[in-house]
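Keep the sequence and the 3D view open as you read.

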Amino acid sequence: MHRIRSCVLALAASLATIPFAWAQDRPPQGGQPVAFESVQPGGASVALRGALYKPEGPAKGAVVLMHGSSGWSDAREGQYGRQFSAAGFTVLAVDSFGPRGIGGTAEDQTKLGVTDQARDAFAARKYLVSVGAAPERLAVMGFSRGAMVALRAADRTWLPSETERFALAIPFYP
């Protein structure tokens, strides 16, 4: 039984990656394009872009979506943005790579530090609060490298200067 379950899980995991091949360069669809600043070490800032998804009624909470090494995509961040907003949550999918001229970090993780991307998550949190999201109902969710970002954003020993933290971190396959 354990072997069958392992095979089914492996198959499901491999099938889950199929949509990503065609959607790698396609940004999330259906959200409102937004821009916000992420302050980096030394005071320099990066103008980030995002896709903002809003629920039809009052929001139950908000989620910051952080992409993995391949960058953001409609098949992942777009899908979660649409599904969560349909369930009543405000969602901000963040593009940490495009504004920095990075296509991806799968081959070279040093192109952008995970801590820099965590700063982007906190900047997205500040943006959401500025447009009315309840700070006590804000989550950060990430995929692969983005999951590492979510874990670091949840760890109060990382970036201790960020005193306003997320209420929940949801890391997928860190």
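Q: What makes up the cover over the buried residues of α5?
A: The cover includes β3 (61-66), α4 (114-130), β5 (138-143) and β6 (168-172). The buried residues of α5 (residues 145-154) are R145, G146, A147, V149, A150 and A153. Helices (H or I, at least four residues) and strands (E, at least two) are DSSP runs, numbered from the N terminus. This is a predicted model, where local features need pLDDT of at least 70 and side-chain atom pairs count only at pLDDT 80 or more, while totals for chains, interfaces and linings use all residues. Residues are numbered from 1 along each chain as its sequence is written, and side-chain values use heavy atoms, with hydrogens and water left out.

Q: Why is G142 called buried?
A: Buried means under 20% relative accessible area, exposed over 50%, and partly exposed in between (1.4 Å probe, protein chains only). G142 has 0%, so buried is the word for it. You'll find G142 in strand β5. Leaving out residues up to four places away in sequence, G142 touches M66, A147, A150, I170, P171 and F172, where contact means heavy atoms within 4.5 Å.

Q: How do you know whether Q40, in a loop, is buried or exposed?
A: Check its relative accessible area: Q40 has 11%, so Q40 counts as buried. The loop in question runs between β1 (32-39) and β2 (45-53). Not counting residues up to four places away in sequence, Q40 touches S45, V46, R100, D116, R119 and D120.

Q: What makes L168 partly exposed?
A: Its relative accessible area is 48%, so L168 gets the in-between label. L168 is in strand β6 and touches L138, A139 and V140, not counting residues up to four places away in sequence.

Q: Why are α4 and α5 called roughly perpendicular?
A: They pack at an angle of about 70 degrees, with their axes 9 Å apart. Axes are lines fitted to C-alpha atoms, for helices over the stretch in contact, and angles run from 0 to 180 degrees between N-to-C directions. Angles under 35 degrees count as roughly parallel, over 145 as roughly antiparallel, 65 to 115 as roughly perpendicular and the rest as oblique. That's why α4 and α5 are called roughly perpendicular. The contact is made by V114, T115, Q117, A118, A121 and F122 of α4 and R145, M148, V149, R152 and A153 of α5.

Q: Which residues touch the most other members of the largest nonpolar core?
A: Of its 26 residues, those are F36, V64, L92, V94, L128, V140 and F166. A nonpolar core is a set of buried Ala, Val, Leu, Ile, Met, Phe, Trp, Tyr and Cys residues joined through side-chain atoms within 4.5 Å. The largest share of this core, eight residues, comes from α4.
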